[in-house]
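Here is a brief report on one chain. It moves from the whole fold to selected local details.

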Amino acid sequence: MGVYLNPKNKNFLKSIRSEIYVDKTGLISYTNRCLNTRDEYICVSRPRRFGKSMALEMLAAYYSRGCDSRELFAGFKIESDETFEEYLNKYDVIYLNMQQFLIEAEQGKVTEYLEQEVTEELAEEYGEVFKGRSLKLAPALRKIYAATDRQFVFLVDEWDCVVRERQESEELQKQYLDFLRNLLKDQPYVALAYMTGILPVKKYGLHSALNMFTEFSMTGQDVLEEYTGFTMDEVKELCEQFEMDFEETGSWYDGYTFVRYQHIYNPKSVVEAMRRHRLSSYWTSTETYEALKVYMDMDYDGLRSNIAQMLGGGRILVNTDSFQNDMRNFKTKDDVLTLLIHLGYLAYDARTKETFIPNKEIIGEFENAMSVGGWQEVMRVLKASEKLLEDTINGDTQLVAEALDRAHMEVASMLTYNDENSMACAIGLAYYSARKDYVLIREFPSGKGFADIVFLPLPHTGKPAIIVELKYDKSAETALQQIKNRKYTQALERYSGEIVLVGVDYDKDKADKPHSCVIERGEYDNQH
């Protein structure tokens with residue numbers, strides 16, 4: 001056993017010995033089904049710190065010859081799988097961390113250095129095959145297979161780091177992709193190839209060297225959804241174990257949406273929050289906000305307007321198909337939005353093809369990026385939002401209307417009122433600070449329709465619930481009456497306490513004071 005060939009199982013042992021380990025061994029059941037089939041090429045792309053390396057260490061511990069990992073998997077999900085014994089420690093594993101090779105290799109010689117390192121280990125194990133000859137990696141593996149009939153499981157971590165970190169060197173990228181294609185595609189010695197990275201592999205310009213891979217990305221994890229992050233049930237169990245509030249935890253780290261699993265939580269942040277017993281920004285603190293700001297400042301075809309809408313709780317339609325899967329070739333705002341989805345700064349709903357800001361942790365990162373310049377108007381609205389919320393709860397209709405007028409003037413260049421939907425985005429932005437104590441829900445299913453905006457208070461905040469109904473060129477009274485007529489309050493399940501009903505109207509003909517509002521406050525008990 002070595003560094004690259006059949007690495008020991010100590011790294012997976014560290015994971016399961018940690019204070020928090022969430023069982024994701026069910027992934028092995030899927031990879032076992034893919035062994036030696038047309039589905040044996042798997043590329044899983046996720047944001048940084050979403051458990052990609054841990055998954056590879058688990059697969060290495062399971063497949064590597066020379067290990068005895070049976071006890072490590074005792075009690076976990078994979079132990080009860082019918083394929084568990086069949087493939088346990090039965091394959092030669094080649095484990096490649098491409099970040100390591102990129103750092104250690106001489107400039108432009110990543111693949112040469114990789115071949116040298118790995119073939120040296122192969123020669124130690126299979127000296128009789130090499131017979132003193134110096135071979136490149138692919139020919140060496142073919143000879144080993146021909147002589148021993150042994151196949152290999154390839155585990156490649158940070159596969160895309162060459163493309164991400166050497167953006168300017170297209171020749172190096174092409175050489176690297178050609179190397180991977182020659183190493184893996186249609187080779188008889190490959191039983192499974194499992195690669196992880198941040199970006200998918202589908203398109204890098206016109207070069208499609210790795211088109212044999214099935215991709216699982218943040219725009220479609222498909223059968224691997226539950227292994228992308230923590231599920232709702234897993235987080236509920238952790239919150240109970242560590243005596244943390246589940247709803248508040250969700251407001252910070254939930255929001256990555258897929259088809260089967262509508263609630264996927266950031267695993268890095270949840271683990272840190274449980275360990276420290278404190279909700280804060282943990283995932284975003286591992287990278288400077290400057291990385292996000294670079295893309296926010298690209299104003300492709302109204303990108304800034306889209307970001308402002310999402311800060312206001314809105315969702316944006318996005319075409320993810322045009323993205324070239326790199327961090328350099330952008331032609332439209334959809335390309336930038338798709339990159340932000342893959343980086344984890346935005347979530348994506350594949351059913352509606354919409355993107356949005358997933359949770360409080362990510363919202364804070366957008367605010368940090370905006371605070372350093374270029375977003376002065378939006379920042380003024382955000383800073384005024386706390387006073388607006390206070391005036392709303394106090395029922396001061398005049399101050400609320402005036403604050404909405406000012407907020408609209410500040411962001412008019414980015415958020416133009418065309419209908420009640422665009423109006424809802426602007427008003428959601430105006431109430432930005434409410435996210436500290438509330439969960440903001442747009443188009444909340446209530447009674448006989450959908451309330452425009454509902455603010456559900458987080459536990460222990462002592463705040464009233466707020467329902468906001470919007471009208472465009474009608475009247476604030478009409479908006480308030482709709483809340484009552486359609487019985488929107490009946491949808492506030494599990495909530496008993498004060499509730500604030502807010503009707504807002506925008507009159508485009510009143511240029512000086514276009515907003516008007518009415519506010520009512522009362523008690524609500526869902527038991528009656």
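## Surface and overall build

The accessible surface of the chain comes to about 23,100 Å², and 45% of that belongs to carbon and sulfur atoms. Accessible areas come from the Shrake-Rupley method with a 1.4 Å probe; for residues, only the protein chains shown count as cover. This is a predicted model: local features need pLDDT of at least 70, side-chain atom pairs count only at pLDDT 80 or more, and totals for chains, interfaces and linings use all residues. Residues are numbered from 1 along each chain as its sequence is written, and side-chain values use heavy atoms, with hydrogens and water left out.

The C-alpha trace spans about 90 × 50 × 35 Å along its principal axes. The chain has 21 helices and 15 strands. Helices (H or I, at least four residues) and strands (E, at least two) are DSSP runs, numbered from the N terminus. Of the 528 residues, 58% count as buried. Buried means under 20% relative accessible area, exposed over 50%, partly exposed in between (1.4 Å probe, protein chains only). Take contacts (heavy atoms within 4.5 Å) between residues at least 6 apart in sequence: 70% join residues at least 24 apart.

Three strands form an open, antiparallel sheet in the order 8-10-9. Strand 8 (316–317) and strand 9 (347–349) are the edge strands, each pairing on one side only. Two strands pair if DSSP finds at least two bridges between them.

Strand 9 and strand 10 (residues 354–356) are joined by three bridges in the antiparallel sense. Asp 349 has Glu 354 in strand 10 as its bridge partner.

## Thr 83

Thr 83 sits in the loop between helix 3 (52–63) and helix 4 (84–87). Thr 83 counts as buried because its relative accessibility is 13%.

Beyond its neighbours within four places in sequence, Thr 83 is in contact with Asn 32 and Tyr 62. With Asn 32 there is a side chain to side chain polar contact at 2.8 Å. A polar contact is a pair of N or O atoms within 3.5 Å; within protein, one must be able to donate a hydrogen and the other to accept it, and residues adjacent in sequence count only if both atoms are side-chain atoms.

## Cysteines

The structure holds zero disulfides, a disulfide being a pair of cysteine sulfur atoms within 2.5 Å. For Cys 161, the closest cysteine sulfur is in Cys 43, 13 Å away and too far for a bond. Cys 161 is buried, at 0% relative accessible area.

For Cys 425, the closest cysteine sulfur is in Cys 517, 19 Å away, again too far for a bond. Cys 425 is buried, at 2%.
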